[in-house]
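Subject: Structure handover

Hello,

Here is the structure I said I would pass on. My notes on what was found in it follow below.

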Amino acid sequence: MEERHTGEHCTPYYLEELCADIQAEDRIKALVLLSYFPALDPSLQHHTLFELSRHTGDFVVAILGHLLANLIPLGSITSAMRSVLLEKIIDQPARLLTLLTGPDYKDKTIFIELAVELQMTAAVPQLIAMLQSETDRHMRLTLLNALGSIGHPAATHVLTDYLYADTQALVRAAVQGLAHIATPTAVQRLAERMGTDSELDCVILDAFATAPDSLALTKLSEALRSHHARIRNHA
């Protein structure tokens with residue numbers, strides 16, 4: 001079967017079967033066919049993406065999500081692949097929430113990135129829930145960056161928790177996220193974190209400089225009177 005679907009001259013057979021499975025919403029058969037996608041030649045991959053793009057409905061979104069989260073490594077997802085999924089989500093953003101909550105998707109990074117690209121505040125509760133249950137450090141960093149980039153105040157509490165993480169990358173992501181949220185509460189949480197690490201204090205001062213909040217300006221002014229020369233000079 002693999003040999004049948006890897007050559008360009010077999011394009012009609014592969015695509016006809018895939019389209020029939022989509023029309024019948026036969027998930028098992030469609031996923032079997034898509035499992036060959038990484039080995040297809042570029043032309044057949046292009047035609048497959050075209051077929052996926054012209055079909056509508058939640059079924060296509062689900063199998064496309066499977067393709068991008070389970071079969072294609074993140075670094076190999078092309079702009080064309082990403083665009084096909086994005087087009088189907090823009091009109092119905094709730095579909096992205098379904099992908100984020102779906103238990104069958106192994107690497108949800110592409111879905112998280114699309115939530116950021118769309119500045120999808122409706123996804124914030126789910127991103128927070130994912131962060132709270134995530135054990136992989138790299139994925140936690142991805143989620144922290146996403147929450148910070150969206151910048152919804154609902155993420156203030158969970159980002160504050162990560163100000164005290166044991167990994168500098170996580171701490172810095174939390175700092176940048178709170179600076180982007182830039183509510184008085186977020187700025188206050190940053191101010192409360194200062195005083196134990198001069199290097200981190202400088203990172204927080206940098207964040208204050210970009211935060212559009214009067215409290216951030218006040219904290220910068222206070223830093224100008226710091227007893228520590230490094231903090232004074234940085235402020």
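Is the crossing of α11 and α13 left-handed or right-handed? The crossing of these two helices is right-handed. Please keep in mind throughout that this is a predicted model.

Helix pair α11 and α13

Helix α11 covers residues 168-181, and its axis lies 9 Å from that of α13, at an angle of about 20°. Angles under 35 degrees count as roughly parallel, so α11 is roughly parallel to α13. On the α11 side, the residues that meet α13 are Val171, Arg172, Val175, Gln176 and Ala179. Their partners in α13 are Glu199, Leu200, Val203, Ile204, Ala207 and Thr210. Sorted by class, this contact has seven nonpolar residues, two polar ones and two charged ones.

Helix pair α7 and α9

Helix α7 (residues 109-117) packs against helix α9 (residues 137-150) with 9 Å between the axes and an angle of about 15°. That angle makes α7 roughly parallel to α9. The crossing of α7 and α9 is left-handed. From α7, the contact takes in Thr109, Ile112, Ala115 and Val116. From α9, Met139, Thr142, Leu143, Ala146, Ser149 and Ile150 take part. The contact of α7 with α9 has no charged residues; seven are nonpolar and three polar.

Helix pair α3 and α5

Helix α3 is made of residues 42-54 and helix α5 of residues 79-90; their axes cross at roughly 5° and come within 10 Å. With that angle, α3 is roughly parallel to α5. Gln45, Leu49, Leu52 and Ser53 of α3 are in contact with α5, which contributes Ala80, Met81, Val84 and Lys88.

The largest pocket

How much space lies in the largest pocket? The figure is about 240 Å³. Its lining is made of 14 residues, and those nearest the centre of the pocket are Met194, Gly195, Asp201, Ser226 and Ile231. Two elements give two or more residues to this lining: α13 (198-210) and α14 (214-223). By class, the lining of the largest pocket splits into five nonpolar, five polar and four charged residues.

Regards

Terms used:
Residues are numbered from 1 along each chain as its sequence is written. This is a predicted model: local features need pLDDT of at least 70, side-chain atom pairs count only at pLDDT 80 or more; totals for chains, interfaces and linings use all residues. Side-chain values use heavy atoms; hydrogens and water are left out. On a 1 Å grid over the protein atoms alone, a cavity is a set of points where a 1.4 Å probe fits but cannot get out, and a pocket is an open set with protein on both sides within 12 Å along at least five of seven lines; lining residues have an atom within 4 Å of a point. Grid points are joined across faces, edges and corners, and a volume is the space filled by probe spheres set on the points. Helices (H or I, at least four residues) and strands (E, at least two) are DSSP runs, numbered from the N terminus. Ala, Val, Leu, Ile, Met, Phe, Trp, Tyr, Cys and Pro count as nonpolar, Asp, Glu, Lys and Arg as charged, and the others, Gly among them, as polar. Axes are lines fitted to C-alpha atoms, for helices over the stretch in contact, and angles run from 0 to 180 degrees between N-to-C directions. Angles under 35 degrees count as roughly parallel, over 145 as roughly antiparallel, 65 to 115 as roughly perpendicular and the rest as oblique. A crossing is left-handed if the near helix is turned anticlockwise from the far one by less than a right angle, and right-handed if clockwise. Contact means heavy atoms within 4.5 Å.
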